[in-house]
Amino acid sequence: MKGIGLVFFASAAFYGLAGMCLGLWMGGQQDFTLAPVHAHLNLLGFVTMALVGFFYHLTPAAAGRLAKVHFGMATLGLWLMIPGIGLAVTGRGEAMAIVGSLVTVASMALFVVNLGLSLRPSRRRDVVAHSAA
Ligand code: HEM
């Protein structure tokens, strides 16, 4: 693995470690207030970023400039959303969580567009090579 796929995957590993540490901390404290933070850090940070990393690794046609913008938006969304959920569940305002959610949804929409574009025959080296043969 290399390139943007690896960047997504390395981020996923980092978020997975952070999410698990938060889970351990919650268990140790017997205070589960931050369970939604833990869940989103693991599911958006670890699981989603890892799946996307695998996709870009397996689909070089999609791993171009849009994939880098996707990474930037997904990262920004996560870094707003995770503390934002923490603030929201502790009663200190929801604005950051809302903005983070919107950026995160936008990053997923960009992923859908990029995925769709990568399916076009002109972007797929395997299809071009196959039809040229
Ligand atoms: C070392 C690893 C982990 C530890 C110690 C841990 C610990 C915890 C704890 C203590 C809770 C709160 C349970 C409660 O409210 O009674 C929790 C909830 C949860 N965890 Fe984990 N967890 C770990 C890994 C993961 C992973 C890898 C995922 C997902 C990929 C995950 C997803 C969730 C979800 C969805 C919830 C429910 C959140 C909610 O009720 O709002 N956890 N975990």
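Y15 is found in helix α1 of this predicted model, where helices are DSSP runs of H or I with at least four residues and strands are runs of E with at least two, numbered from the N terminus. With 24 C-beta neighbours inside 10 Å, Y15 counts as buried; the label buried requires 20 or more other C-beta atoms within 10 Å of the residue's own, exposed means 12 or fewer, and partly exposed lies in between, with C-beta atoms placed from the backbone. Residues are numbered from 1 along each chain as its sequence is written. Because the model is predicted, local features need pLDDT of at least 70 and side-chain atom pairs count only at pLDDT 80 or more, while totals for chains, interfaces and linings use all residues.

**Individual residues**

- Y15 touches L41, G45, F46 and M49, leaving aside residues up to four places away in sequence; a contact requires C-beta atoms, placed from the backbone, within 7 Å.
- The C-alpha atoms of Y15 and H38 are separated by 10.0 Å, and the two residues are 23 apart along the chain.
- A13 also has its place in helix α1, but A13 is partly exposed, with 14 other C-beta atoms within 10 Å.
- From A13 to A97 the C-alpha distance is 23 Å, across 84 residues of sequence.
- Q30 is found in the loop between α1 and α2 and counts as exposed, with 6 C-beta neighbours inside 10 Å.
- Q30 has a positive phi of about 55° although it is not a glycine. Most residues other than glycine have a negative phi.

- Nonpolar covers Ala, Val, Leu, Ile, Met, Phe, Trp, Tyr, Cys and Pro, charged covers Asp, Glu, Lys and Arg, and the others, Gly among them, are polar.

**Packing of α2 and α3**

- Helix α3 (residues 65–89) packs with α2 at an angle of about 170°, the axes being 9 Å apart. Axes are lines fitted to C-alpha atoms, for helices over the stretch in contact, and angles run from 0 to 180 degrees between N-to-C directions.
- The two helices α2 and α3 are therefore roughly antiparallel to each other, a term for angles over 145 degrees, whereas those under 35 count as roughly parallel, 65 to 115 as roughly perpendicular and the rest as oblique.
- The residues of α2 in this contact include H40, L41, L44, G45 and M49, and those of α3 include A74, L78, M81, I82 and I85.
- By class, the contact of α2 with α3 has 13 nonpolar, three polar and no charged residues.

**Overall architecture**

- The protein has five helices and zero strands.
- Its C-alpha atoms fill a box of roughly 65 × 30 × 15 Å along the principal axes.
- Of the 133 residues, 29% count as buried.
- Among contacts between residues at least 6 apart in sequence, 67% join residues at least 24 apart.

**Confidence**

- The average pLDDT is 93, and 92% of the residues score at least 70; pLDDT is the predictor's confidence in each residue, from 0 to 100.
- Over residues 127–133 pLDDT stays under 50, and the model has two contacts beyond four places in sequence for them. Where pLDDT is low, the predicted coordinates should not be read in detail.
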